[in-house]
Amino acid sequence: MMRHRLYFVTALLLLAISGQAQTLEECQQAAERNYPLIRQRDLVGKTAELTVANIGKGWLPQVSASAQATLQSDVATFPDEMRTVYQQMGIDMKGLTKDQYRVGVDVSQMVFDGGAISRGKAVARQQGEVEAAQTEVSIYQVRRRVNEMYFALLLLDDQIQLPSATCRT
């Protein structure tokens, strides 16, 4: 990764200096425009915002649905004596069927969380700030490397011109 950065910065500086005279600020801006971490700067902010929004949804009602169907091979039945007594009374008691169905809907609403959601939001915001700071550090390192390469190339250019100036006198 570091080797790729070095090649990138070197190529950028060589192109900038060889084509035309560039200022240090122009080289830094070109490096920032072409550096992939610049795009992460926006993504970090958007990711933090989405995370905070999702944590805030903890106050919304939560709905869950469930369904179950079962089929038993054998079920409990009423004893024959009890069934005859019920039939004499005019009640037809068949007992349990072999297939059973269950459907349910649960709705839950958070009333008190002890501040967990607000702390979660604060943690998500701070994590976003840390990631943004890490990106800025990486960008600063690119700027530093551009500065080093720029001044090294200027020094080389002056060293190349120096012997030719001394030979003329």
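With which residue does Arg144 form a salt bridge, and how far apart are the closest N and O atoms? Arg144 forms a salt bridge with Glu148, and the closest N and O atoms are 3.3 Å apart. A salt bridge is here a side-chain nitrogen of Lys or Arg within 4 Å of a carboxyl oxygen of Asp or Glu.

The model is predicted: local features need pLDDT of at least 70, side-chain atom pairs count only at pLDDT 80 or more, and totals for chains, interfaces and linings use all residues. Residues are numbered from 1 along each chain as its sequence is written, and side-chain values use heavy atoms, with hydrogens and water left out.

**Overall architecture**

The protein has 5 helices and 2 strands, arranged from the N terminus as α-α-α-β-α-β-α. Helices (H or I, at least four residues) and strands (E, at least two) are DSSP runs, numbered from the N terminus. Of the 169 residues, 17% count as buried; buried means under 20% relative accessible area, exposed over 50%, and partly exposed in between (1.4 Å probe, protein chains only). The accessible surface comes to about 13,100 Å², of which 59% belongs to carbon and sulfur atoms; such areas come from the Shrake-Rupley method with a 1.4 Å probe, and for residues only the protein chains shown count as cover. Among contacts with a separation of 6 or more, 84% join residues 24 or more positions apart, where contact means heavy atoms within 4.5 Å.

**Salt bridges**

The whole structure contains 3 salt bridges.

| Pair | N to O distance |
|---|---|
| Arg83 and Asp80 | 3.8 Å |
| Arg144 and Glu148 | 3.3 Å |
| Arg145 and Glu148 | 2.8 Å |

Arg144, Arg145 and Glu148 are linked in a network. Within helix 5, Arg144 and Glu148 are 4 residues apart, about one turn of the helix, while Glu148 and Arg145 are 3 residues apart, likewise about one helical turn. Arg83 is partly exposed at 26%, whereas Asp80 is exposed at 53%.

In helix 2 (residues 24–34), the buried residues are Cys27, Gln28, Ala30 and Ala31. They cover an arc of only 160° around the axis, which puts them on the same side of the helix; the arc is that of the directions from the helix axis to the C-beta atoms. The face turned away from this buried side carries the exposed residues Glu25 and Arg33.

Helix 5 (residues 116–168) includes Thr135, which is buried with a relative accessible area of 5%. Beyond its neighbours within four places in sequence, Thr135 is in contact with Leu37, Gln40, Arg41 and Val44.

The structure holds 1 aromatic pair. The rings of Tyr150 and Phe151 have their centres 5.7 Å apart and their planes at 85°, so the pair is edge-to-face. Rings of Phe, Tyr and Trp (its six-membered ring) pair if their centres lie within 6.5 Å; planes under 30 degrees apart count as stacked, over 60 as edge-to-face and the rest as tilted. Tyr150 is buried at 9% relative accessibility, whereas Phe151 is partly exposed at 47%.

Val103, in strand 2, is exposed at 70% relative accessibility. Beyond its neighbours within four places in sequence, Val103 is in contact with Ser66 and Ala67.
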